[in-house]
Amino acid sequence: MPKVMLRRDSDGLLICYVPKKDLEGKVASLEFDQPGKWGGRMVLDDGTAFHIEPLDAPPVFPAEMRASRG
Amino acid sequence: MSVLTREEAQGLIQRVLEVYPEEARAERSQHLMVSDPATEQGSSCITSNRKSLPGVMTARGCAYAGSKGVVWGPIKDMIHLSHGPVGCGQYSRAGRRNYYVGYTGVNTFGTMNFTSDFQEKDIVFGGDKKLAKILEEVETLFPLSKGISVQSECPVGLIGDDIEAVARKGTEKIGKPVVPVRCEGFRGVSQSLGHHIANDTIRDHLLDSGLDDGFVSSPYDVAIIGDYNIGGDAWSSRILLEEMGLRVVAQWSGDGTLAEIKRTPKVKINLLHCYRSMNYISRHMEAKYGIPWMEYNFFGPTKIAASLRAIAEHFDDKIKEGAEKVIAKYQPMVEAINAKYIPRLQGKRVMLYVGGLRPRHVVGAYEDLGMEVVGTGYEFGHNDDYDRTTKELGNTTLIYDDVSEFELEQFVSRIKPDLIGAGIKEKYVYQKMGIPFRQMHSWDYSGPYHGYDGYAIFARDIDMTVNNPCWKKMKAPWKS
Ligand code: SF4
């Protein structure tokens with residue numbers, strides 16, 4: 001369960017940073033991105049995929065959260 | 001125009017790798033590549049931040065060097081104690097040329113070397129008592145110091161001293177922060193882990209402990225993060241930010257003070273120059289205090305102008321106007337520099353091998369002078385550094401990670417660059433070969449190179465080196 005850090009860059013894109021791997025990538029797709037449900041499968045632009053337990057509301061960015069390899 | 005085609009460059013890498021035994025060849029081949037601006041992610045083509053192979057001559061430093069030498073060392077009003085044998089601190093003393101103002105030995109301590117000078121008995125019986133005594137001694141001799149950081153050298157970790165406990169007691173006793181830093185040289189694969197450890201200790205012991213000294217923040221407060229004021233770099237950056245209307249509250253850590261560091265959580269934005277060594281603390285401040293951070297680049301007028309505008313984007317119109325004014329103000333100076341030096345430097349080819357941010361950040365400055373970077377590499381870069389690098393480079397630029405002295409020599413003898421910018425370990429080899437060389441870690445006793453003022457000095461220095469008639473008269477001693 002790596003810890004990931006999500007932030008928005010200056011263009012408003014979601015950026016995911018995985019400290020353990022020094023991996024930084026744009027979030028290419030996110031399964032649930034609605035006001036009532038947020039999370040699920042997240043794929044970065046280099047193809048790495050994670051799974052984030054869906055939340056009831058989008059978090060406030062920057063946000064640190066646990067993600068599993070998915 | 002590059003000297004090599006893509007195929008030739010690949011061939012060169014293959015040839016260099018041939019001398020290695022099979023296992024080493026397989027490992028090293030992952031650290032060498034030819035750049036292709038089409039690839040978004042440089043890190044997918046190159047492996048970095050791996051342990052150097054035994055027997056391969058690497059130029060890397062140790063975690064202690066990253067913590068004491070880079071991140072902690074420049075904080076001028078604290079005393080940084082090299083805890084362990086005397087050599088680690090003495091042989092690196094003041095070598096980075098982090099300039100500062102103050103009275104050395106009275107209220108600032110940057111160029112002094114404090115060490116616990118371990119002897120055999122300290123290794124056998126432990127050094128904790130000695131450390132406790134040193135903390136008091138330091139307080140007696142240098143009462144104006146604002147705190148002490150204990151930078152562990154290898155033996156301290158090996159004998160298992162409890163410096164945390166001593167530091168805690170010391171803090172109570174002297175009433176100033178005493179920060180234990182577990183940056184023993186054997187940790188990690190390079191100085192890079194030392195940066196990280198230093199960031200983490202600053203976070204735990206200084207930043208989050210808060211400070212209430214009545215500091216009143218303004219809407220234009222910024223902090224310069226990751227500028228170590230080498231040859232005055234942070235000063236020549238700072239004046240540009242101030243001229244455009246911002247208030248620089250803190251310098252991390254060149255010419256920086258403990259109070260500045262503690263005030264940083266009150267700034268509006270963190271401006272990050274050296275991403276590698278201080279992205280950790282920037283990310284922490286973003287998560288904890290909601291302070292955004294952005295990377296900028298003050299090498300060469302093109303990048304400076306772009307950075308000033310990008311910084312101004314985060315503020316109101318007054319600052320945006322200020323940025324334009326600053327750019328316009330220095331434009332004639334830039335044109336004069338270019339008119340003087342471009343004819344002398346046009347088309348010259350450069351190879352770099354440095355650390356931190358420079359393998360990518362300085363590319364623009366050379367290009368502003370009409371030069372071309374044909375090879376670049378990091379001593380201790382990580383994936384995210386290489387992602388940021390490929391964008392800056394042209395086609396078929398060689399990229400080498402943790403390059404060995406042998407590999408670099410081979411590349412140089414084939415590519416025959418007009419200038420090499422690397423560290424002190426490479427300097428004399430190449431100078432004796434008769435190849436123009438500048439020590440680009442601490443600007444070869446010159447600087448500053450940041451900002452517009454720095455660009456003038458940079459251009460002069462590069463010209464002075466590249467067009468120096470002495471190189472043609474040199475004959476390598478081993479070739480006579
Ligand atoms: S590796 Fe260890 S002994 Fe060598 S300089 Fe670094 S801290 Fe000192």
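In chain B, Arg203(B) and Asp204(B) form a salt bridge with their closest N and O atoms 2.9 Å apart; a salt bridge here is a side-chain nitrogen of Lys or Arg within 4 Å of a carboxyl oxygen of Asp or Glu. This is a predicted model, in which local features need pLDDT of at least 70 and side-chain atom pairs count only at pLDDT 80 or more, while totals for chains, interfaces and linings use all residues. Residues are numbered from 1 along each chain as its sequence is written, chains are lettered from A in the order in which they are written, and side-chain values use heavy atoms, without hydrogens and water.

**Salt bridges**

- Over all chains, the structure holds 30 salt bridges.
- Arg203(B) counts as partly exposed at 25% relative accessibility, and Asp204(B) is partly exposed at 47% (buried is under 20% relative accessible area, exposed over 50%, partly exposed in between, with a 1.4 Å probe and protein chains only).
- Glu324(B) and Arg309(B) meet in a salt bridge of 2.7 Å, N to O.
- Arg360(B) pairs with Asp385(B), with 3.2 Å between the closest N and O atoms.
- Here the link is from helix α15 (residues 358-361) to helix α17 (residues 383-390) of chain B, the two residues being 25 apart.
- Both Arg360(B) and Asp385(B) are buried.
- Glu24(A), Arg283(B), Glu295(B) and Arg388(B) are joined into one network by salt bridges that share partners.

**Where the chains meet**

- Ten residues of chain A are in contact with 15 residues of chain B, contact meaning heavy atoms within 4.5 Å.
- The two chains bury about 1,100 Å² between them, 40% of it on carbon and sulfur atoms; buried area is the accessible area (1.4 Å probe) that two parts lose on being put together, summed over both.
- On the chain A side, Arg7(A), Asp22(A) and Glu24(A) lose the most area to chain B, together 47% of what that side buries.
- Three salt bridges are counted between chain A and chain B.
- Glu24(A) and Arg388(B) meet in a salt bridge of 2.7 Å, N to O.
- Strands β1 (3-8) and β3 (23-34) of chain A are the elements that give two or more residues to the side touching chain B.

Methods
Helices (H or I, at least four residues) and strands (E, at least two) are DSSP runs, numbered from the N terminus.
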